[in-house]
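I want to look up a few helix faces, contacts and ring pairs here.

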Amino acid sequence: MTGQVQARLDAGDAAVQAAYSAFIRHTQACAPCRTDGADCETAARLRQAWRDARAAVAA
């Protein structure tokens, strides 16, 4: 694998990890997410951002 390809993969993985971390941090700190067991509006947006980041890396 060339350096450019590896750098792109690493950047994609970092974006996925950052999006996932933001989602998890929010759901751990958000009272409605913890209490209701369902995503609040912000959590839904963060979850979709994580899914979009995963899809971009897989493409």
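Which exposed residues does the face of α3 turned away from its buried side carry? I looked, keeping in mind that this is a predicted model. That face carries Glu41, Arg45, Ala56 and Ala58.

I then listed the buried residues of α3: Ala43, Leu46, Trp50 and Ala53. Viewed down the helix axis, they fall within an arc of 85°, so they line one face of α3. As a reminder to myself, an α-helix has 3.6 residues a turn, so residues three or four places apart point the same way. I also checked the span: α3 covers residues 41–58, 18 residues in all, and runs 26 Å from first C-alpha to last, close to the 26 Å expected at 1.5 Å a residue.

**Nonpolar core.** Next I asked which residues make up the largest nonpolar core. It has five: Phe23, Cys30, Cys33, Ala43 and Leu46. Two of these, Ala43 and Leu46, I had already noted among the buried residues of α3.

**Thr27.** Thr27 sits in helix α1, residues 3–29. Beyond its neighbours within four places in sequence, Thr27 is in contact with Cys33, Arg34 and Ala43.

**Aromatic rings.** How many aromatic pairs does a search of the whole structure find? I got two. In one, the ring centres of Tyr20 and Trp50 lie 4.9 Å apart with the planes at 50°, so I logged the pair as tilted. This pair links distant parts of the chain, with Tyr20 in α1 and Trp50 in α3, 30 residues apart. Tyr20 is partly exposed at 33% relative accessible area, while Trp50 counts as buried at 16%. The other pair, Phe23 and Trp50, is stacked, at 6.2 Å centre to centre and 10° between the planes. Phe23 is in α1 and Trp50 in α3, 27 residues apart, so I noted another link between distant parts of the chain. Both Phe23 and Trp50 are buried.

How values were computed. Residues numbered from 1 in each chain as written. Predicted model: local features only at pLDDT ≥ 70, side-chain atom pairs only at ≥ 80, totals over all residues. Heavy atoms only, no water. Helix = DSSP H or I, 4+ residues; strand = E, 2+ residues; numbered from the N terminus. Contact = heavy atoms within 4.5 Å. Core = buried A, V, L, I, M, F, W, Y, C linked by side-chain atoms within 4.5 Å. Buried < 20%, exposed > 50% of the residue type's maximum accessible area, 1.4 Å probe, protein only. Expected span 1.5 Å × (residues − 1). Arc of directions from axis to C-beta. Phe/Tyr/Trp six-rings, centres within 6.5 Å; stacked < 30°, edge-to-face > 60°.
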